[in-house]
Amino acid sequence: MLRLIVLRVLAAVPVMLIVAVIVFSLLRLSPGDPAAIIAGDTATPEAIAAIRSEMGLDQPLLVQFASWIGGVVTGDLGQSVLSRLPVTTLIFDRLEATLMLALSAIVLTVIVAVPLGAFAALRHNTLTDRLVMAFSVAGFSMPAFVVGYILMLLFAVQWQLLPVQGYVSVFDDPLTGLRHLVLPSITLALVFMALITRVTRSSLLEVLGQDFVRTARAKGNPAGRILWRHALPNSAVPIITVIGLGIAMLISGVVVTESVFNIPGIGRLTIDAILARDYPVVQGLMLFFAMIYVGINLLIDIAYLLIDPRIRY
């Protein structure tokens, strides 16, 4: 296990370096002058040149990249051009809202989708199975912002059961914080509910047709015991893969949901930084998202070993 963790951490180094090169190159190749955008429409050429010098944009690209990477290695992602705050401070200030939203969405997804997929598998080719699959197709088909606005219209505006927008920390006011998380969590979770429901159903259908399940049935085991004791653990690998990737996608893909519900998380920070061409913040966020993907892939590999000792790397 320790060997796996060490190897994965070492393998992550070139991955992160490639991501850094790609992010840096794409930002520099994109059209527009960030110094001119920051300076404003009425800025003089001298003022724009001063901002370019302050941002280091007048240096050769290799010098800019070396300077940035040197800071990243020491844990310094740079300083925001607009707010003048360290990028790490900006990310950690916004991290709580995004993590709470992603965590509540993934918990909601697992609680609903895994039992729903198992239920559909046990009732294969029945009306229940078809209704569950119809739900999955609908979940895939509806964009997140459409779901968000529909939920907002019904539960916040029409019936006034939940807040319309905003974020309150659950550590400051647990009840109000949870009320603010309900609608964005459902919006964010719906697509992943559909995905995990389908994966759970198909994985269980494959396992339920195997000999050891037929043997368990022949011994008179009840259906619930066969499902939870024998079938579900043996179909867990693809389900865990999708859940793990879903967590990474939730954290890095909350841009739309945070914009719809006006949540001050990392997604909003990303949008604001891109629109303002705040290079240090955008670069830091992209590296942060890549690090999350690498970390979650490592956790998935460890989960494989714990679930199925036959797996070797």
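The following is a working chat about the predicted model shown above.

Visitor: Before we start, what kind of model is this, and which pLDDT limits apply?

Guide: This is a predicted model, in which local features need pLDDT of at least 70 and side-chain atom pairs count only at pLDDT 80 or more, while totals for chains, interfaces and linings use all residues. Residues are numbered from 1 along each chain as its sequence is written, and side-chain values use heavy atoms, with hydrogens and water left out.

Visitor: OK, how many helices and strands are there?

Guide: The protein has 14 helices and zero strands, where helices (H or I, at least four residues) and strands (E, at least two) are DSSP runs numbered from the N terminus. The C-alpha trace spans about 85 × 55 × 35 Å along its principal axes.

Visitor: And how much of it is buried?

Guide: Of the 313 residues in the protein, 41% are buried; buried means under 20% relative accessible area, exposed over 50%, and partly exposed in between, with a 1.4 Å probe and protein chains only. The protein exposes about 16500 Å², and carbon and sulfur atoms supply 69% of that area, with accessible areas taken from the Shrake-Rupley method with a 1.4 Å probe and, for residues, only the protein chains shown counted as cover.

Visitor: What share of the contacts comes from residues 24 or more positions apart?

Guide: Among contacts in the protein with a separation of 6 or more, residues 24 or more positions apart account for 73%, a contact being heavy atoms within 4.5 Å.

Visitor: Let's go inside. Which residues touch the most other members of the largest nonpolar core?

Guide: Leu204 and Leu250 do, in a core of 42 residues; a nonpolar core is a set of buried Ala, Val, Leu, Ile, Met, Phe, Trp, Tyr and Cys residues joined through side-chain atoms within 4.5 Å. The elements that give two or more residues to this core are α5 (87–122), α7 (144–158), α8 (174–208), α9, α10 and α11 (236–252), and α8 gives the most, with 12 residues.

Visitor: Switching to packing, how do the axes of α9 and α10 cross?

Guide: The axes of helix α9 (residues 211–218) and helix α10 (residues 223–234) come within 11 Å and cross at roughly 175°, where axes are lines fitted to C-alpha atoms, for helices over the stretch in contact, and angles run from 0 to 180 degrees between N-to-C directions. The two helices are therefore roughly antiparallel to each other, given that angles under 35 degrees count as roughly parallel, over 145 as roughly antiparallel, 65 to 115 as roughly perpendicular and the rest as oblique.

Visitor: Which residues meet there?

Guide: Phe212, Val213, Ala216 and Arg217 in α9 meet Ile226, His230 and Asn234 in α10. By class, this contact has four nonpolar, two polar and one charged residues; Ala, Val, Leu, Ile, Met, Phe, Trp, Tyr, Cys and Pro count as nonpolar, Asp, Glu, Lys and Arg as charged, and the others, Gly among them, as polar.

Visitor: Now backbone angles. What's the phi of asparagine 125, and where is that residue?

Guide: Asparagine 125 has a positive phi of about 65° although it is not a glycine, and its place is in the loop between α5 and α6 (127–141). Asparagine 125 is exposed, with a relative accessible area of 52%. Glutamine 160, in the loop between α7 and α8, has a positive phi of about 55° and is not a glycine either; glutamine 160 is exposed, with a relative accessible area of 63%.

Visitor: Last one: what does serine 30 touch?

Guide: Serine 30 touches Arg277 and Tyr279, not counting residues up to four places away in sequence. The C-alpha atoms of serine 30 and arginine 277 are separated by 9.9 Å, although the two are 247 residues apart along the chain. Serine 30 is in the loop between α1 (2–29) and α2 (34–39) and, at 25% relative accessibility, counts as partly exposed.
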